[in-house]
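Biologist: I would like to go through this model feature by feature. Please give the general idea each time, then the case at hand.

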Amino acid sequence: MDIAHCYLNGNADAVEFCPHNSHHNVLAASTYTLQEGGEPSRLGSISLFNVDVDTGHLDMVCSEDTSGIFDIKWNPPGMHANPFLAQADADGYLRIKMLEGCCNGVQGTYLKEMTSEKISSSMCLYLDWNPSATSITVGLSDGSVSIVSLLESKLEIQEEWKAHDFELWTTSFDIHQPNLVYTGSDDCKFSCWDLRDSPSNLVFQISKVHKMGVCCIEKSPHDPNSLLTGSYDEFLRVWDLRSISKPVNETSISLGGGVWRVKHHPFIPGLVLAACMHNGFAIVVSKGDKAEVLETYKKHDSLAYGADWQKGEANHRGGRTKPLIATCSFYDKLVRLWRPGNDIIL
């Protein structure tokens with residue numbers, strides 16, 4: 001069910017569909033390229049695409065060179081009229097850019113930098129917005145997590161603490177309880193922190209379940225008691241948070257590759273898209289204490305890193321409509337647009 005593809009100028013590591021109404025056709029992609037040598041440099045780029053599903057086109061409308069980018073995220077819709085794209089950079093900066101211009105595929109669409117702040121002398125590896133888009137949690141390469149507020153186009157570090165012993169690959173707000181922040185690290189630990197305390201209080205830390213580093217943490221938007229973790233140990237785990245002091249690992253499924261990213265479908269409960277590093281991409285359905293792979297996608301020839309579902313009405317016009325997916329892979333610098341082969345009724 002391939003629709004379109006495009007090669008980028010650098011190693012592709014993240015793709016994100018814009019979630020804001022009237023901008024669902026906008027896809028952002030980022031790159032990170034390490035140039036080794038006497039003085040190694042980390043270079044990157046951010047590109048915007050117009051996705052025309054009807055014609056099958058994936059048209060790049062703008063691209064700019066940046067420092068190496070580890071992660072990008074659009075702000076949640078609802079609180080701001082304009083879409084903002086946050087990027088976590090290898091030079092320790094957090095940058096916020098605003099989508100400007102038309103979004104119907106014509107020239108004129110671009111990202112305008114609103115503000116930036118050097119968060120750390122370490123690298124910014126991951127970011128997540130809180131539901132009201134007023135603050136961002138950033139994972140750092142020294143194991144720290146930083147909570148950064150965005151008020152009136154100004155970034156300000158609210159709190160930062162050493163959360164883990166090694167690289168903090170992932171951190172996310174609990175979308176149902178945004179005072180809680182989750183972190184996962186190369187030290188194999190999965191933790192939860194309460195921001196109502198200062199310094200932030202450790203609610204729980206799971207240290208003996210993941211056999212390798214924790215790469216991603218995603219709270220289900222459909223079930224306040226369900227949370228997913230992905231790990232280098234190749235397992236996707238579904239956690240039951242009803243006992244918040246000691247979450248129960250209800251379900252785990254091996255995906256045959258390190259689970260670098262997971263994305264919940266915006267409308268279908270239990271449907272998850274996973275980037276599995278050395279084993280392509282997988283669509284997984286999770287119900288109760290069971291999880292199974294519905295489909296795999298292996299048209300990429302390199303590390304499967306970035307993955308996202310298209311948001312909004314384009315996914316459910318009624319009837320049997322298959323969701324649109326964007327994926328990217330690292331060393332072959334490839335972005336692909338595709339639909340699942342299995343029938344998924346929305």
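Modeller: Start with the surface: accessible areas come from the Shrake-Rupley method with a 1.4 Å probe, and for residues only the protein chains shown count as cover. Here the chain exposes about 14,000 Å², and carbon and sulfur atoms supply 47% of that area.

Biologist: What kind of model is this, and how are residues numbered?

Modeller: This is a predicted model, in which local features need pLDDT of at least 70 and side-chain atom pairs count only at pLDDT 80 or more, while totals for chains, interfaces and linings use all residues. Residues are numbered from 1 along each chain as its sequence is written, and side-chain values use heavy atoms, with hydrogens and water left out.

Biologist: How many helices and strands does the chain have?

Modeller: Both are DSSP runs numbered from the N terminus: helices are H or I with at least four residues, strands E with at least two. The chain has 28 strands and 0 helices.

Biologist: With which radius of gyration does the globule rule agree?

Modeller: The radius is taken over C-alpha atoms, and the rule is 2.2 Å times the number of residues to the power 0.38. For 346 residues a compact globule would have a value near 20 Å, and the chain agrees, with 19 Å. Its C-alpha atoms fill a box of roughly 50 × 45 × 45 Å along the principal axes.

Biologist: Is proline 247 buried or exposed?

Modeller: Buried means under 20% relative accessible area, exposed over 50%, and partly exposed in between (1.4 Å probe, protein chains only). Proline 247 counts as buried because its relative accessibility is 7%. Of the 346 residues of the chain, 59% count as buried.

Biologist: Where does proline 247 lie, and what does it touch?

Modeller: Proline 247 lies in the loop between strand S20 (235-240) and strand S21 (248-254). A contact means heavy atoms within 4.5 Å. Leaving aside residues up to four places away in sequence, proline 247 touches Phe204, Ile206, Trp239, Asp240 and Leu241.

Biologist: How many disulfides does a search of the whole structure find?

Modeller: A disulfide is a pair of cysteine sulfur atoms within 2.5 Å. The search finds 0. For cysteine 124, the nearest cysteine sulfur, that of cysteine 215, is 18 Å away. Cysteine 328 has its closest cysteine sulfur in cysteine 6, and the 12 Å separation is too far for a bond. Cysteine 124 is buried, with a relative accessible area of 0%, and cysteine 328 counts as buried at 0% relative accessibility.
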